[in-house]
Amino acid sequence: MKAGSSMQKFVLRRLAETCIVLLGVTLVTFLMMHLAPGQPLQANPELRLDPTAVERWLQLRELDKPLAAQYLAWLSRVCTGNLGISLLHNRPVLDMIRERLPATLLLTGSSLMLGLGAALPLGVIAAAKEGKPADGIIDFISLCFISLPGFWLGMILIMVFSYQLKLLPAAGMVTPGESGMADLFKHMAMPVSVLAAGTFAYYVRYVRFAVLEILNQDFVRTAKAKGVPPALILCRHVLPNASIPLVTLVALSIPFLFTGASVTEYVFSWPGMGRWIITATLSRDYTVIMAVNLIIAVLVSLANLSADLLYLVFDPRVRLRE
Amino acid sequence: MVRKSGLLLLIFFLLALGAGCSKRPKTHLPDILRVASLSNPLTLNPLFIRDASTAEAASLLHPALIGFDRDNLLPQPRIISEWEVSNDGLIYLFTLREDVFWSDGMPLTAEDIAFTLRVICHRDYTGPLYMHMHKISGAVEYRERHDSPLADGSISGVRVIDGHSFEISLTEKFASFLTHMAISPLPFHLLGSVNAAALESHEYSRTVTVGLGPYLLNEWVQDSYLHLTANNKYFLGKPKIENLYLCIVPNQETQLIELLAGRLDLLPTSVKVEDIAKLRDDPTLAVYSHLRLAYDYLGFNMKKENSPLADKRVRQALAMTLDREEIVANLLLGFGQVAHGPLSPLQFAYNSELEGMPFNPDWAQSKILEAGFGEYELKLIYNAGNLVRENVALLFKERAAKIGVKIRITLLEWEAFLDALHKGDFDIIILGHGTGVDPDLTYYWHSKSPGNSLGYSNTEVDLLLEEGLQTGDLEERTQIYRHAEQLIVDDAPLIWLYYREAVHAATANLKYFTPHPVSLFYNVHEWSLVQ
């Protein structure tokens with residue numbers, strides 16, 4: 001009962017803190033966005049746009065009002081669940097997110113699974129074979145992947161697989177006019193590999209370190225001394241303990257599943273959130289920038305909170321302060 | 001579990017790779033054409049187009065009322081089959097083709113045109129077209145006094161005579177008016193009851209449920225592609241290619257790779273000059289090019305106070321430092337033409353004998369000394385992502401230094417660049433001017449024009465430009481614009497650099513693709529793919 005109420009208090013306190021953080025994030029985003037030179041629509045002399053029409057456009061969207069009034073209006077809209085309408089596309093931001101999120105989740109989700117799926121066993125192997133050739137090879141691969149910028153790796157893959165070998169498509173998620181899983185997988189192969197390589201390199205070092213740390217603990221040594229088979233030690237004692245720090249890492253990476261990987265999406269013309277965010281930022285689509293930043297902030301806060309809560313569940317050493 | 005899923009995915013990828021290995025680049029099916037586009041259109045409503053990609057996509061769905069001759073860009077009948085202009089040049093009588101139908105079977109009528117003009121003149125309309133329509137009698141009154149949110153009522157100068165003819169009267173002579181009638185109409189029966197302010201965000205702008213164009217929108221997967229299907233009611237005949245996909249691939253290199261792999265069939269406008277030679281060697285591809293209706297320039301900010309650029313001699317001297325022939329040959333690899341003045345070689349008034357500022361560094365040096373330039377450092381801005389302009393900036397800096405003029409180059413991303421332009425925060429700018437189809441130079445060169453962002457002002461030029469719109473006689477207009485052009489060039493408000501060519505690459509299987517500088521897709525219904 002007592003534990004339950006302290007847990008409730010903890011969650012409530014964290015939620016209150018989250019609200020303050022969100023307010024701060026939106027305010028800073030709003031100010032930075034307006035400090036950046038330019039505005040969503042400017043008379044472009046190359047295209048002979050009419051400056052008076054541009055003024056009327058800004059007026060109809062209330063962008064000619066003082067910044068404080070604009071921010072408060074935005075805030076009151078968001079409190080009623082309205083994320084606003086994209087200034088450039090004239091469509092509800094939520095609809096635009098809904099159109100792009102599946103593509104992004106497919107890309108980021110599968111690369112996380114692939115990267116993590118490879119990092120877990122290889123990280124354990126590296127730790128178990130510490131100092132041996134297998135450890136060296138895994139270390140070398142992860143070092144390579146972590147040092148290669150995603151856009152560069154992406155471009156190299158495009159050069160080899162799309163330009164030279166003509167095996168894989170360099171752009172998009174589907175071939176227009178063709179359908180089927182094989183086509184989708186062909187489009188996914190390169191961007192997923194690029195992202196998975198980065199994820200793998202990032203996690204494999206953590207896994208190796210976490211497993212090594214546990215392997216050197218007294219209870220493991222005791223188990224070894226008692227003659228417990230190494231595989232059993234690994235499965236029953238080492239892995240459950242080593243997975244605890246990973247929980248935070250994975251939880252914290254969840255928000256980025258939703259926002260996509262801008263650079264990779266851009267390189268592979270992937271129709272997801274990341275590419276859209278870049279375009280919106282470059283074209284000063286204020287409502288989109290605000291909405292996306294708010295969503296990222298909410299997700300990061302929630303992910304932090306759930307990581308903390310998961311710790312409480314998984315790790316008996318962590319207890320709430322009364 | 002996680003590991004299993006990862007393995008499963010890996011297996012899928014390997015299988016997919018295997019499937020790819022056994023396949024040669026796609027052969028072109030006769031009924032599918034994949035056209036590249038650099039960005040997702042912002043709208044498909046023809047009255048709200050503000051960028052080139054959107055204009056390209058919209059032109060497949062919405063034909064213009066008027067077409068333009070390929071050789072001199074003079075107006076040609078299209079949906080408007082004929083027109084008559086009264087002797088005083090104030091009244092235009094238009095007749096529409098009778099065989100033009102909306103895709104829902106309703107005929108296109110003069111009511112649709114009148115409605116479209118009312119939308120353009122409505123106070124809540126924020127698109128770019130009103131600028132050219134305010135000379136219609138009653139347009140200004142309609143904009144200021146019509147208080148309904150709907151584009152209803154009437155503009156006094158627009159009179160519907162019958163289903164297929166209408167008359168427009170102007171408040172004053174406006175020789176280029178016909179070219180501004182190259183708008184695309186909206187369906188009155190579908191949108192007549194929509195508020196003018198809501199039209200831009202109306203579902204029609206995304207779905208185009210009813211259209212007049214060669215193609216109809218079947219599906220729009222945002223940021224991915226638009227699937228268009230041939231309109232069998234198109235007034236010039238049903239397009240031969242049944243399916244046209246506009247594939248959104250936001251970078252030129254990837255577009256090229258996809259073209260070479262056979263996954264794209266046409267790259268409109270976006271071929272880089274350095275890639276052309278390679279494409280020409282490929283027998284499976286064809287390369288097309290033509291001059292664009294735009295020139296690039298190095299412009300001088302004449303609005304800035306105490307700027308040495310207020311002195312004509314300094315501007316002339318700077319203009320003489322650049323060898324434009326060299327720029328066209330080395331930076332554009334010959335895919336362009338030196339620009340000497342603001343008239344385009346494609347316009348009827350073009351003066352091929354006009355001599356612009358000569359390339360003469362010695363003369364430039366003496367002019368600078370004469371003007372007493374001093375230690376001033378000029379700030380040159382240009383936008384990121386345009387390699388040719390970047391190279392021009394570097395070349396100019398080097399050449400200006402030789403006559404003792406210091407240049408500080410500032411590279412800006414597009415929005416920041418436009419912001420600096422509007423605030424006048426620059427001395428020299430590298431930008432382009434779209435010339436339009438009519439030789440009317442008012443937009444950039446009349447001292448009172450909103451498009452005159454460099455602050456150019458010459459009373460004699462103002463008078464000539466006003467005069468140029470008062471007569472419909474082509475010979476007379478030619479003389480007026482040539483005279484105005486000469487005066488502008490002598491004032492050296494900017495350095496005309498070049499008219500670039502628009503370069504397109506397509507599969508050699510695509511036949512009858514004959515790009516037009518005004519509209520790439522003007523004859524898309526005639527295109528065909530042969531095996």
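# A tour of chains A and B

Select chain A and read along its sequence: the pattern is α-α-α-α-α-α-α-α-α-α-α-α. That makes 12 helices and 0 strands in chain A. Helices (H or I, at least four residues) and strands (E, at least two) are DSSP runs, numbered from the N terminus.

Before moving on, some ground rules. This is a predicted model, in which local features need pLDDT of at least 70, side-chain atom pairs count only at pLDDT 80 or more, and totals for chains, interfaces and linings use all residues. Residues are numbered from 1 along each chain as its sequence is written, while chains are lettered from A and ligands numbered from 1 in the order in which they are written.

**Stay on chain A.** Show its C-alpha atoms. Along the principal axes they fill a box of roughly 85 × 65 × 35 Å. Of the 322 residues in chain A, 36% are buried. A residue is buried if 20 or more other C-beta atoms lie within 10 Å of its own, exposed if 12 or fewer, and partly exposed in between, with C-beta atoms placed from the backbone.

**Now select chain B.** Here you find 18 helices and 19 strands. The radius of gyration of chain B is 25 Å, close to the 24 Å that the globule rule gives for 531 residues, so chain B is as compact as a globular protein of that length. This radius is taken over C-alpha atoms, and the globule rule is 2.2 Å times the number of residues to the power 0.38. Buried residues make up 47% of the 531 residues in chain B.

**Zoom to Leu65(B).** Look in the loop between helix H2 (52–61) and strand S2 (66–68) of chain B. Is Leu65(B) buried or exposed? Leu65(B) counts as buried because it has 23 C-beta neighbours inside 10 Å. Leaving out residues up to four places away in sequence, Leu65(B) touches several others, including Ile79(B), Met181(B) and Pro185(B). Touching means contact: C-beta atoms, placed from the backbone, lie within 7 Å.

**Last stop: where the chains meet.** Show both chains. In all, 62 residues of chain B are in contact with 57 residues of chain A. Which element gives the most to the side of chain B that touches chain A? Select H1(B), which gives 14 residues. By class, this side of chain B has 31 nonpolar, 20 polar and 11 charged residues. Ala, Val, Leu, Ile, Met, Phe, Trp, Tyr, Cys and Pro count as nonpolar, Asp, Glu, Lys and Arg as charged, and the others, Gly among them, as polar.

Methods: Contact = placed C-beta atoms within 7 Å.
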